[in-house]
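Thanks for coming. I will take a few minutes to go through one structure, starting with its sheet and ending with a few residues.

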Amino acid sequence: MSETYLEVTYRHGKPFAAYLYLNRQPGDKAARTQSHGSYIMDFAADGRAIGIEITDIDSVNLASINQVLSSAHQPALSQADLMPLEAA
């Protein structure tokens, strides 16, 4: 299994979107998605949450992302986990 990490995508030198990779198993792919406002959660075929697409970087805050994670029975993030967004 991989560790949780955040990847930020840039367009024209500015942050455009981000993806929070959750613990995954080799070969995991999104089988379904669920919208949570500006977040889109991806689920593997067996129902495990495997990632969250962040479509509005300006609206991200720790409380809102932890609420989405909680809905999928995932551990909460700390402010340090969102540092790549703050640096962007």
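What follows is the sheet, then the helix across it, then some residues.

First, the ground rules. This is a predicted model, in which local features need pLDDT of at least 70 and side-chain atom pairs count only at pLDDT 80 or more, while totals for chains, interfaces and linings use all residues. Residues are numbered from 1 along each chain as its sequence is written, and side-chain values use heavy atoms, with hydrogens and water left out.

Now the sheet. Helices (H or I, at least four residues) and strands (E, at least two) are DSSP runs, numbered from the N terminus. Five strands form an open sheet in the order E1-E2-E5-E4-E3, and the pairing is antiparallel. Two strands pair if DSSP finds at least two bridges between them. On average, neighbouring strands are turned by 20° against each other, direction ignored; axes here are lines fitted to C-alpha atoms, for helices over the stretch in contact, and angles run from 0 to 180 degrees between N-to-C directions.

Look next at strand E4, residues 39-43. Five bridges join E4 to strand E5, residues 49-54, and the two run antiparallel. Asp-42 lies in E4 and stands opposite Gly-51 in E5.

Helix H1, residues 62-71, lies across strands E2 (14-21), E3, E4 and E5, and runs at about 25° to E4. Ser-64 is in this helix. Why does Ser-64 count as buried? Because its relative accessibility is 19%, and buried means under 20% relative accessible area, with exposed over 50% and partly exposed in between (1.4 Å probe, protein chains only). Not counting residues up to four places away in sequence, Ser-64 touches Tyr-39 and Ser-59, where contact means heavy atoms within 4.5 Å.

Back to Asp-42. Asp-42 also counts as buried, because its relative accessibility is 11%. Leaving aside neighbours within four places in sequence, its contacts include Tyr-19, Ala-30, Arg-48 and Gly-51.

Last, Arg-24, in the loop between E2 and E3.
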